[in-house]
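Me: I have a model open and would like to learn how to read its features one by one. Could you walk me through it?

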Amino acid sequence: MVSFVLSPLKLVSLMVMFIGTMLSVTSQELVGVWVGLELNLYGFLVLMNPDGQHNPEACVKYFVVQSTGSILMLVGFLILTKCILVSAFTIMMAGTLLKSGVFPLHSWVPSIMKNSSWFAGGLMLTWQKVAPLVFLSMAIPYEGVIIFIVAMAGIGGVGGLNQNSVRVMSAYSSFVHTSWMLLSVTLSSVVFVAYFAVYSLSVGLFFYGCSLMNKMSMGSQISSAVSGVGLLMLMGMPPFLGFAAKVLVFLMSSSPGIIACISGSVVSLKFYIDFFYSMMIKSLVDKVKTSSVIVWGLVIGANFMGAGLILVSFI
């Protein structure tokens, strides 16, 4: 079974990532936002290849993309001090869009995901999006955010249809969920945190299950169960938590952007179902073990309880 050994270097890197994101989200100064993003970047770069065992290509690409975005943001901040508002805003938003992987500067995400480890890929699709998305929603008017919501939902739904790589499929899936998170962050910080927590849990379960597959034949049933539950949560199928999170955003939103989010999710069901079907067929080849049934029962039960708690807390 795969285990993530938390060495002192990794622990420090995780702390730096957390501190950087919190600094960016809570800072009231543009310089504080930029410094927080840089701290987050330095911590994550270490976690992308802490032991030197993975292909450094993804780490180098990510560093180049994020460094370019940081330079653009810093230049925009400096121009803003000269009161050249339009140019400063344009350059600053270009840097933010590049760092967050949002349309039209999103094409780097699938290529980097394809060569990343499961752990680094999971962080890149979840925690690394928090600070840029929050800053983007605060800096751009609501009408502008709607454009990005519609674009990300369409690109994510259509782009993932013909993908054979699970990692690349997950990257396009994240585009659809990014549209939901952008919509939720414009509604309420509580709604955003709830959706982000469910999405992160879904990605974590799915990637952890995928990392276990084919490592030990005895763990194949457990890995299929874990990744299957994560995938169903990403799909937003009832009664899983992913469905409850989408219902929460739907009930809170009166924006036309919700139509684009739902449409993107419906289209993305095609490649979700394809992967889920192939995974289940592979799993059924082996004899069903009691351990996998227990795992399915526990995780599904936890989803039922969590969905009830989320819905009850907002009544």
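Reply: Happy to! A residue is called buried when its relative accessible area is under 20%. Keep in mind that this is a predicted model.

Me: With that cut-off, how many residues of α7 are buried?

Reply: Eight of the 10 residues of α7 are buried, so this helix is largely enclosed by the rest of the structure. They are Val-130, Ala-131, Pro-132, Leu-133, Val-134, Phe-135, Leu-136 and Ser-137.

Me: Let me take Ser-137 from that list. Is Ser-137 buried or exposed, and what is its relative accessible area?

Reply: Ser-137 has a relative accessible area of 16%. The cut-off for buried is under 20%, so Ser-137 counts as buried. Ser-137 sits in α7, which covers residues 130–139.

Me: Which residues does Ser-137 touch?

Reply: Leaving aside residues up to four places away in sequence, Ser-137 touches Val-145 and Val-185. A polar atom of the Ser-137 side chain also lies 2.8 Å from the backbone oxygen of Val-134. As a general idea, an α-helix has 3.6 residues a turn, so residues three or four places apart point the same way.

Me: Now for helix pairs. How are α9 and α10 arranged, parallel or antiparallel?

Reply: In general, two packed helices are described by the angle between their axes and the distance between the axes. Here the axes of α9 (residues 166–187) and α10 (residues 189–212) come within 9 Å and cross at roughly 170°. Angles over 145 degrees count as roughly antiparallel, and α9 and α10 are therefore roughly antiparallel to each other. Contact residues of α9 include Met-169, His-177 and Trp-180, while those of α10 include Phe-192, Tyr-195 and Phe-206. The contact residues divide into 13 nonpolar, four polar and no charged.

Me: Which residues does the UniProt annotation "transmembrane region" cover?

Reply: The annotation comes from an unreviewed UniProt entry, and among its spans are residues 71–98, 144–161 and 181–210. In the model, residues 71–98 are 86% helix and 0% strand, with end C-alpha atoms 11 Å apart. Residues 144–161 are 89% helix and 0% strand, and their end C-alpha atoms are 27 Å apart.

Terms used. Residues are numbered from 1 along each chain as its sequence is written. This is a predicted model: local features need pLDDT of at least 70, side-chain atom pairs count only at pLDDT 80 or more; totals for chains, interfaces and linings use all residues. Side-chain values use heavy atoms; hydrogens and water are left out. Axes are lines fitted to C-alpha atoms, for helices over the stretch in contact, and angles run from 0 to 180 degrees between N-to-C directions. Helices (H or I, at least four residues) and strands (E, at least two) are DSSP runs, numbered from the N terminus. Angles under 35 degrees count as roughly parallel, over 145 as roughly antiparallel, 65 to 115 as roughly perpendicular and the rest as oblique. Contact means heavy atoms within 4.5 Å. Ala, Val, Leu, Ile, Met, Phe, Trp, Tyr, Cys and Pro count as nonpolar, Asp, Glu, Lys and Arg as charged, and the others, Gly among them, as polar. Buried means under 20% relative accessible area, exposed over 50%, partly exposed in between (1.4 Å probe, protein chains only). A polar contact is a pair of N or O atoms within 3.5 Å; within protein, one must be able to donate a hydrogen and the other to accept it, and residues adjacent in sequence count only if both atoms are side-chain atoms. UniProt positions are given in the numbering used here, feature names are shortened, and annotations may be inferred rather than shown by experiment.
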